[in-house]
There are 2 protein chains.
Amino acid sequence: MSVGRRESEDRGMGGVWPEAMGLSVCIRDGIWAFYPFMTAPQSGYPGKLIAVEGLDGSGKSTQIYLVKRWLENQNCRVYFTEWNSSVLVKKATSKGKKRHLLTPTTFSLIHATDFADRYDRQILPLLRAGFIVLADRYIYTALARDAVRGVDREWVKELYSFAVKPDILFYFRVPLEVSLNRILDGRPELKYHEAGLDMGWSADPYESFRIFQGKVFEEYQRLSEPGGFVQVDATREIHTQQEEVRRLISDRIDLAAFRTAGRGWS
Amino acid sequence: MSVGRRESEDRGMGGVWPEAMGLSVCIRDGIWAFYPFMTAPQSGYPGKLIAVEGLDGSGKSTQIYLVKRWLENQNCRVYFTEWNSSVLVKKATSKGKKRHLLTPTTFSLIHATDFADRYDRQILPLLRAGFIVLADRYIYTALARDAVRGVDREWVKELYSFAVKPDILFYFRVPLEVSLNRILDGRPELKYHEAGLDMGWSADPYESFRIFQGKVFEEYQRLSEPGGFVQVDATREIHTQQEEVRRLISDRIDLAAFRTAGRGWS
């Protein structure tokens with residue numbers, strides 16, 4: 001529990017002290033109440049959020065990694081976070097998956113818990129602290145995958161309604177067959193849920209994966225329709241895509257403002 | 001993954017096979033798709049759900065235990081489930097609490113995961129199988145506690161929207177002071193979250209617990225207003241309350257229909 005005193009205009013509360021896990025509000029001398037960040041889905045933080053989405057094999061992780069390197073080389077304050085990486089529920093997720101204990105609802109909720117943990121304790125505090133946060137997969141991965149598993153789309157959307165929209169959301173678009181070939185060419189061992197085997201579409205992991213990815217692809221299409229997705233043609237050379245991505249980031253974000261040294265010396 | 005063939009009218013789907021974790025729908029010969037129970041919040045199952053809610057110290061656990069005994073002695077098919085008891089996230093919850101890693105949002109989500117796990121794999125399958133399910137605390141505990149922790153009430157309500165409403169929901173109502181005295185008289189060791197210490201209202205666990213319970217009490221009042229709660233005056237003798245509870249259950253549920261032996265021989 002943080003104790004301190006700082007005026008802030010956050011959500012119209014007076015005497016607010018933002019801290020990593022939420023807001024502590026001074027009730028009386030020495031006594032602070034704790035509030036979550038839940039009700040602040042609009043951006044306007046000092047930091048910027050850049051997220052990448054796309055099918056497995058779309059090359060999005062490579063692209064966001066190259067962005068990270070590029071920004072670090074410019075001494076920008078950067079924080080990188082990836083899907084399904086919170087330590088809080090890591091073991092529960094692993095156990096649930098291994099023992100096939102997860103229903104679509106608990107699969108959805110355990111991933112939401114993972115995301116919320118990273119969101120409350122990393123993403124949001126760092127956006128507040130003026131970092132450029134890079135997210136390899138964001139809530140759209142959950143919206144797509146959960147919908148494929150038959151979970152009500154509106155329910156999942158509401159579930160993730162606490163999360164701010166990215167300032168830039170790249171969608172790396174490849175034809176389904178291209179992404180499938182990229183992943184399956186080496187005949188890798190596919191994990192049970194990764195292949196969508198929990199859905200019973202096919203007993204063959206490769207066939208199941210194809211069906212699963214096809215459905216995820218359709219969900220991404222559905223999600224991208226209302227706009228907001230910056231579509232990148234991910235069939236092209238890596239460096240061609242990266243140039244386009246960097247250009248767009250430079251256009252939309254004043255990178256000079258995020259440099260730890262040499263602010264203004266671009 | 002269950003494979004089978006049974007016609008069912010569930011949700012207007014044809015060829016549906018209900019199983020413990022959801023619905024598997026035959027797509028083509030031998031291939032079954034899996035659907036969650038999420039979109040069926042209305043009752044109408046062969047079983048009945050009886051839930052008890054109330055403050056710590058309201059005596060609700062004693063009352064539901066006596067109901068369980070009473071029903072078992074009549075050879076009724078009974079299943080008992082209690083709050084925060086799923087093995088799926090037990091360790092994660094315990095670790096998160098111990099290390100004070102939980103934010104109000106993740107606190108809420110991890111309890112929702114716990115509930116959803118019990119719901120999908122126990123409560124709903126048993127309601128479908130014609131059991132009387134007894135729940136010591138139900139979603140209203142989450143609605144009350146999460147609201148007290150500052151989580152948006154509408155968000156939590158939506159989060160638990162997949163859960164059926166109980167056929168009978170008892171609310172054991174005691175004045176706040178009575179419940180506090182019952183709990184605190186022995187000066188028990190209060191756990192960090194149990195006492196609401198994560199909220200920083202007071203550094204003294206007993207004082208914090210009083211504040212926390214007072215707020216939960218207010219939330220219960222708010223929840224009970226739209227009706228649906230059967231209010232039981234829980235200041236009375238245990239047997240007096242139990243008589244009233246049993247009478248109400250007998251009035252509303254045809255218990256003879258739930259007897260494993262001697263159906264109709266009451």
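Predicted model: local features only at pLDDT ≥ 70, side-chain atom pairs only at ≥ 80, totals over all residues.

In chain A, Leu176(A), Glu177(A), Leu180(A), Ile183(A) and Leu184(A) of helix 6 meet Tyr206(A), Phe209(A), Arg210(A), Gln213(A), Gly214(A) and Phe217(A) of helix 7; contact here means heavy atoms within 4.5 Å. Residues are numbered from 1 along each chain as its sequence is written, chains are lettered from A and ligands numbered from 1 in the order in which they are written, and side-chain values use heavy atoms, with hydrogens and water left out.

Let me return to the helix pair. Helix 6 (residues 176–184) and helix 7 (residues 205–224) of chain A pack at about 140°, and their axes are 10 Å apart. Axes are lines fitted to C-alpha atoms, for helices over the stretch in contact, and angles run from 0 to 180 degrees between N-to-C directions. Helix 6 of chain A is therefore oblique to helix 7 of chain A; angles under 35 degrees count as roughly parallel, over 145 as roughly antiparallel, 65 to 115 as roughly perpendicular and the rest as oblique. The crossing of helix 6 and helix 7 of chain A is right-handed, that is, the near helix is turned clockwise from the far one by less than a right angle.

Chain A as a whole comes next. Its secondary structure comes to eight helices and eight strands; these are DSSP runs numbered from the N terminus, helices being H or I of at least four residues and strands E of at least two. Of the 266 residues of chain A, 55% count as buried, meaning under 20% relative accessible area with a 1.4 Å probe, protein chains only. Among contacts in chain A with a separation of 6 or more, 70% join residues 24 or more positions apart.

What is the strand order of the open sheet in chain A? Five strands, paired in parallel, follow the order 5-6-4-7-8; two strands pair if DSSP finds at least two bridges between them. Strand 5 (78–82) and strand 8 (230–233) of chain A are the edge strands, each pairing on one side only. From one strand to the next the twist averages 20°. Strand 7 (residues 168–173) and strand 8 of chain A pair in the parallel sense over four bridges, and Tyr171(A) has Gln231(A) in strand 8 as its bridge partner. Helix 7 of chain A packs on this sheet, touching strand 4, strand 7 and strand 8, with its direction at about 140° to that of strand 7. Helix 1 (residues 60–73) of chain A lies across strand 4 (48–54), strand 5, strand 6 (132–136) and strand 7, running at about 160° to strand 6.

I turn now to chain B. Five strands form an open sheet there, in the order 5-6-4-7-8 with parallel pairing. Strand 5 (78–82) and strand 8 (230–233) of chain B stand at the edges, each with a single partner strand, so one side of each is left without a neighbour in the sheet. Arg173(B) has Asp233(B) in strand 8 of chain B as its bridge partner. Helix 8 (residues 238–252) of chain B lies across strand 4, strand 7 and strand 8, at about 165° to strand 7.

I close with one residue. Is Thr93(B) buried or exposed? Thr93(B), which has its place in helix 2 (residues 90–98) of chain B, is buried, because its relative accessible area is 5%. Leaving aside neighbours within four places in sequence, Thr93(B) is in contact with Asn84(B), Leu102(B), Ile110(B) and His111(B).

Key
Buried < 20%, exposed > 50% of the residue type's maximum accessible area, 1.4 Å probe, protein only.
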